[in-house]
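Biologist: Hi! I'm new to this one, could you walk me through it?
Modeller: Happy to, let's bring it up.

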Amino acid sequence: MKNLLFLSIAIILFSCQQSTKSSGEETSTDSLRYENEVHLRNVRQLTWGGNNAEAYWSFDGKSLVFQSDFADWGVECDQIFTLEINSVEKGKRPPMVSTGLGRTTCAYFLPGDSLIVYGSTHLADSLCPPTPSRSTGKYVWPIYEGYDIFTADLNGKIVNQLTTEEGYDAEATVSPNGDRIIFTSTRSGDLELYTMNLDGSDVVQITDELGYDGGAFFSPDGSKIVWRASRPQTEEEITEYKDLLDQGLVQPTEMELYIANADGTEAKKITSLGNANWAPFFTPGGDKILFSSNHASERGFPFNLFLINIDGSGLEQVTFDDTFDSFPMFSPDGKYLVWASNRNNGGTRDTNLFVAEWVD
């Protein structure tokens, strides 16, 4: 599940692990780029406060849509906002395009950039749903049954409800070809990937292995998909996975990356790194995957961005933060990268959005 609850726990853990560059203020061009981050240039901060993540580009490359729980913007849990990339003003709340009710997740522009698609619990309950208890000592994500997928205009008006099945429907992203949406659903009794038309018709299940399949994205030409998945193997792992799912929970601490054709055929596991490998996105050429991972971490952090070839070879570290970097997405022209990071937060728990020129 792609949500800010992951960040909230991570930030609590990371708050005492700040880099010497985390001063809270941007002082000069590229002062926000860490040493060895050779793929990034002219890093700019786009938000200042709260947990901001899953920023995804419009088709014209001029705007972002993202989710935030920033209390100063008058929200109590994740809501959806848009941001014009060249009109960022520190201290000014960008337009909110969700209803302000329930909890939202995973917004994405539709072709033409006049509509967005996102997941929301507002029909199930106007209040923010409760966060899971940590009394068991295990880190879990909630799979809220109230999530459905909606389209809305940029004034926040709901245009269409795309899913009506019982259970969790969320994590929707759109093909660059502008013809299909991919999303995660529990309608089969497990967390599987599905695709559908932009109006919610022609729903097709494309994964069927036990485990959490989610966070999927299309390749630049729309021919392939990449996603994160857990694959419980032992009897104990399978029992634990099913028991948690029955409670509307999933444990995301062991996830690897998979690629397949856009219809789910020829699926192939491309990482076997251990720990959590997630938030994958194809590079502009479609031959590599940029993703977030804590595979080298012994205590669960830090998370950094890594590159890997689509055949699973050539692993390369891209960011070198002491805390958290994730949710990368390339602009449609491939020139820029946007992502979420704990850098430059002044020792707070804030996760903010950053954009940089991408250097091959």
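A loop glycine and its surroundings

Biologist: Which residues does glycine 49 touch, not counting residues up to four places away in sequence?
Modeller: Glycine 49 touches Phe70, Asp350 and Asn352 once residues up to four places away in sequence are set aside. A contact here means heavy atoms within 4.5 Å.

Biologist: And where is the place of glycine 49?
Modeller: Glycine 49 is in the loop between strand 1 (40-45) and strand 2 (52-57). Strands are DSSP runs of E with at least two residues, helices are runs of H or I with at least four, and both are numbered from the N terminus.

Biologist: Does glycine 49 count as buried or exposed?
Modeller: Glycine 49 counts as buried because its relative accessibility is 4%. Buried means under 20% relative accessible area, exposed means over 50%, and partly exposed is in between (1.4 Å probe, protein chains only).

Biologist: What is the mean pLDDT of the chain?
Modeller: The mean is 92, and 92% of the residues reach 70 or more. pLDDT is the predictor's confidence in each residue, from 0 to 100.

Biologist: Where is the pLDDT below 50?
Modeller: That is the case over residues 4-27, a stretch that has 80 contacts in the model beyond near neighbours in sequence. Where pLDDT is low, the predicted coordinates should not be read in detail.

Biologist: Got it. How many helices and strands are there?
Modeller: The chain has 2 helices and 25 strands. Of its 360 residues, 57% count as buried.

Biologist: What about the radius of gyration?
Modeller: The chain has 19 Å, which agrees with the value near 21 Å that a compact globule of 360 residues would have. That radius is taken over C-alpha atoms, and the globule rule is 2.2 Å times the number of residues to the power 0.38. The C-alpha atoms fill a box of roughly 50 × 45 × 45 Å along the principal axes.

Biologist: Changing topic: how many aromatic pairs does the structure hold?
Modeller: There are 21 aromatic pairs. Rings of Phe, Tyr and Trp (its six-membered ring) pair if their centres lie within 6.5 Å; planes under 30 degrees apart count as stacked, over 60 as edge-to-face and the rest as tilted. One of the pairs is tyrosine 56 with phenylalanine 217, edge-to-face at 5.6 Å centre to centre and 70° between the planes.

Biologist: Which strands do tyrosine 56 and phenylalanine 217 lie in?
Modeller: Tyrosine 56 is in strand 2 and phenylalanine 217 in strand 14 (residues 213-218), so the pair ties together parts that are 161 residues apart in sequence. Both tyrosine 56 and phenylalanine 217 are buried.

Biologist: How are phenylalanine 183 and tyrosine 194 paired, stacked or edge-to-face?
Modeller: Phenylalanine 183 and tyrosine 194 are stacked, with 5.7 Å centre to centre and 25° between the planes. Phenylalanine 183 lies in strand 11 (residues 181-185) and tyrosine 194 in strand 12 (residues 192-196), so this pair ties together parts that are 11 residues apart in sequence.

Biologist: What sits over the ring of tyrosine 194?
Modeller: The charged end of arginine 187 does, 5.3 Å from the ring centre. The rule asks for NZ of Lys or CZ of Arg within 6 Å of the ring centre and within 35 degrees of the ring normal.

Biologist: Last one: where is threonine 121 found?
Modeller: Threonine 121 is in the loop between strand 6 (115-120) and strand 7 (141-142), and it is buried, with a relative accessible area of 4%. Not counting residues up to four places away in sequence, threonine 121 touches several residues, including Pro129 and Tyr144.

Biologist: And which peptide bond is cis?
Modeller: The one from phenylalanine 301 to proline 302, with omega near 5°. Proline 302 is in the loop between strand 20 (288-293) and strand 21 (304-309).

Definitions and conventions:
Residues are numbered from 1 along each chain as its sequence is written. This is a predicted model: local features need pLDDT of at least 70, side-chain atom pairs count only at pLDDT 80 or more; totals for chains, interfaces and linings use all residues. Side-chain values use heavy atoms; hydrogens and water are left out.
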